[in-house]
Amino acid sequence: MDILGDRKFVEVPGSTTHELPPLLVRMAADVKRLDKVMGMANDLIEQEDMIPTQPFAVADSQDRRKMDLALSLVDQYLGFVQHWQWGDSILEWIRQCETTFENRIDLRNLLRADVWPHAGRSSFVTLLEDKAVKTGGVGIEKAVGLRLTFRQPPPLRCFSNQFLFYLNSPVANTAYHTWAGLSPSPTSAFPPERFIFNVFNMSLE
């Protein structure tokens with residue numbers, strides 16, 4: 001094990017640069033019916049009385065405030081879906097990386113057996129961060145945390161406005177760090193200069 005500062009790195013045998021499977025990501029939020037999502041946002045506003053009726057308020061002003069808030073909720077939800085998609089793609093990529101490691105004698109012993117999704121595989125998440133993968137503003141750890149929390153992205157009507165506005169980041173980050181912290185010590189990072197891979201956008205243009 002190599003130690004650089006406060007970082008511990010796995011000792012990869014030899015000096016070869018290893019190619020990992022490509023990371024395939026739907027980078028645009030995959031929502032089939034945006035009008036239905038907008039309708040759910042409007043229902044959420046009504047059900048939670050997010051904009052209380054004011055007796056002397058102008059109707060156009062009230063409607064405009066509701067529209068602005070609905071658009072904001074939809075935007076928050078699309079961000080949630082985009083993060084979830086990244087997390088789903090990353091977990092699938094980790095599965096493929098496991099297969100690559102298992103099929104390579106010089107890499108096989110770097111992974112310990114565990115129950116999927118292996119907490120020790122957070123080293124692959126760290127590798128993505130060390131390689132500075134361009135995510136368009138998506139937080140990698142948050143994305144994985146949301147995928148660990150939700151097997152599928154729930155429809156917007158399942159969320160409270162509090163979750164969408166305030167709680168999804170703390171929940172996702174807590175989920176990720178709890179999962180990553182379950183790995184037996186020491187958890188070592190992969191030296192980024194020893195691994196290469198491509199990232200492909202699978203969203204339809």
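This is a predicted model: local features need pLDDT of at least 70, side-chain atom pairs count only at pLDDT 80 or more; totals for chains, interfaces and linings use all residues.

Reply: Residues are numbered from 1 along each chain as its sequence is written, and side-chain values use heavy atoms, with hydrogens and water left out.

Me: How many aromatic pairs does a search of the whole structure find?

Reply: Rings of Phe, Tyr and Trp (its six-membered ring) pair if their centres lie within 6.5 Å; planes under 30 degrees apart are stacked, over 60 edge-to-face, and the rest tilted. The search finds 17 such pairs. Phe101 and Phe195 count as stacked because their ring centres are 5.9 Å apart and their planes meet at 10°.

Me: Which parts of the chain does that pair link?

Reply: Helices (H or I, at least four residues) and strands (E, at least two) are DSSP runs, numbered from the N terminus. Phe101 lies in helix α2 (residues 59-102) and Phe195 in strand β5 (residues 195-196), 94 residues apart.

Me: Are Phe101 and Phe195 buried or exposed?

Reply: Buried means under 20% relative accessible area, exposed over 50%, and partly exposed in between (1.4 Å probe, protein chains only). Both Phe101 and Phe195 are buried. They also belong to one aromatic cluster with Trp93, Phe124, Phe190 and Phe197.

Me: What kind of pair do Phe165 and Tyr166 form?

Reply: A tilted one, at 6.1 Å centre to centre with 55° between the planes. Phe165 is partly exposed at 26%, while Tyr166 is exposed at 55%.

Me: How many disulfides does the structure hold?

Reply: A disulfide is a pair of cysteine sulfur atoms within 2.5 Å; the structure holds zero. Cys97 has a relative accessible area of 0%, so this residue is buried, and Cys158, at 53%, is exposed.
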